[in-house]
Amino acid sequence: HHPREGLVIHQVGYEDPAGASGDADAGGGELRSICYRMSLSEMVVPYGDNSPGQYWKNAFDSGEIGLGRTTNSLTLGCDCLGEIVYLDGLVAEPRGGTTTIENAICIHEEDFNVLWKHTNGANDGAAEVRRSRRLVVSSWATVGNYDYGFYWYFYEDGSIEHEIKLTGIIQTMAVGRGGPPASAQMVAKNLAGPIHQHFFCVRMDMDIDGTKNTVHEVESRPLPPGPGNDHHNVFEAVVTPIRSERESGRKVHSPTARHWRIANPSRTNAVGEPVAYALFPGETSDMMAAPESAVAKRAEFATKQLWVTREAPDELYAAGAYPSQTTGGDGIPSFVSARRALERQDVVLWYVVGTTHIVRPEDFPVSPVHRSGFALRPWGFFNTN
């Protein structure tokens, strides 16, 4: 539990019974590394309204306030259910001393529907199905009027998901007979909520079977008609390495199902390909504020969905160490300006989850939970299911 980042996950690995040989019967399995450190590096909430009471709102809730300092104590309520292990959080006070947040982090296991299933319908109709269970590590923070839940899910098949749950109370503004501006929506009589966005930058120091990794961008593209595509239905996966930091600012692209694979070229699987994990985007949004706006300059990390840098112990925060004292250029922009080589290196992924909140009457007085996130899935990391 970090006073600024809140929940931090260290040294994620998978205990593979097959080990390096790929033979589970040989015994002597292996604890295979996946990620050294995972944390919420920064978040920012820009408001899209021009009125004097709203236009200046763009809080950096992590760097300016501290998600760890605003973490909830989960001693009451139903934040977690079942067999639970709680961890306390220790927070340093600005004037010295410490405060303990009891039950700051919840760890529990839960059923999560089907892991895999197949029915042999063509023959005897026999069915096989396995239930899925996942390990959940979570915490909640209340920053002003909003409440954020940060959930890491670890699955039996090696998949990892991060889900951010947004709830709490929206900002509101009084509305006269003329109605709300285009940048706000009515939520109750004479009351509107400004449109706004939430951006969360998750930093992941990846170690796929070691520290010498390469990140590839993967896209599905149709082949042109002609030989090899006689029926106009062929498409292929195009895999392009991100060779240096100057190439690393990447955006989600749904038409090509763009995703990214983090591979270890020095270790291959049973089909002779590098072991890897793939990052699959979830819901995300572009920043609506113009590049010349104050928030876009200070939160340049939120203008792209993926950045890749070389690991450096002093490069932890996407908007810089002191976002309240910057006018732009700190954090990720300064990191990638070094143009360091990224192939076969200890790489860090910075993935940005973005939500655009066009408020609705159902969001008042307390918003139901909205979920956003992404997934990390093994891609040839194992030899079989």
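How do the residues of the lining of the second largest pocket divide into nonpolar, polar and charged? In this predicted model, the lining holds 10 nonpolar, 8 polar and 2 charged residues. The space in this second largest pocket is about 310 Å³. A total of 20 residues line the pocket. Pro46, Tyr47, Gly48, Asp49 and Ala289 are the closest to its centre. Two or more lining residues come from strand 12 (196-206) and from helix 2 (294-298).

The largest nonpolar core was examined next. This core contains 53 residues. Met204, Met206, Leu349 and Leu376 have the most contacts inside it. The element that gives the most to this core is strand 2 (residues 30-46), with 6 residues.

Met204 was then considered on its own. Residues up to four places away in sequence are not counted here. Met204 touches Cys35, Arg37 and Met38, among others. Its contacts also include Leu279, Val347, Val348, Leu349 and Tyr351. Phe374 and Leu376 are touched as well.

Strands of a sheet pair through backbone hydrogen bonds, in a parallel or an antiparallel way. Strand 9 pairs with strand 11 (residues 191-194) over 2 bridges, in the antiparallel sense. Methionine 173 stands opposite alanine 192 of strand 11.

Key. Residues are numbered from 1 along each chain as its sequence is written. This is a predicted model: local features need pLDDT of at least 70, side-chain atom pairs count only at pLDDT 80 or more; totals for chains, interfaces and linings use all residues. Side-chain values use heavy atoms; hydrogens and water are left out. A nonpolar core is a set of buried Ala, Val, Leu, Ile, Met, Phe, Trp, Tyr and Cys residues joined through side-chain atoms within 4.5 Å. Buried means under 20% relative accessible area, exposed over 50%, partly exposed in between (1.4 Å probe, protein chains only). Helices (H or I, at least four residues) and strands (E, at least two) are DSSP runs, numbered from the N terminus. Contact means heavy atoms within 4.5 Å. Two strands pair if DSSP finds at least two bridges between them. On a 1 Å grid over the protein atoms alone, a cavity is a set of points where a 1.4 Å probe fits but cannot get out, and a pocket is an open set with protein on both sides within 12 Å along at least five of seven lines; lining residues have an atom within 4 Å of a point. Grid points are joined across faces, edges and corners, and a volume is the space filled by probe spheres set on the points. Ala, Val, Leu, Ile, Met, Phe, Trp, Tyr, Cys and Pro count as nonpolar, Asp, Glu, Lys and Arg as charged, and the others, Gly among them, as polar.
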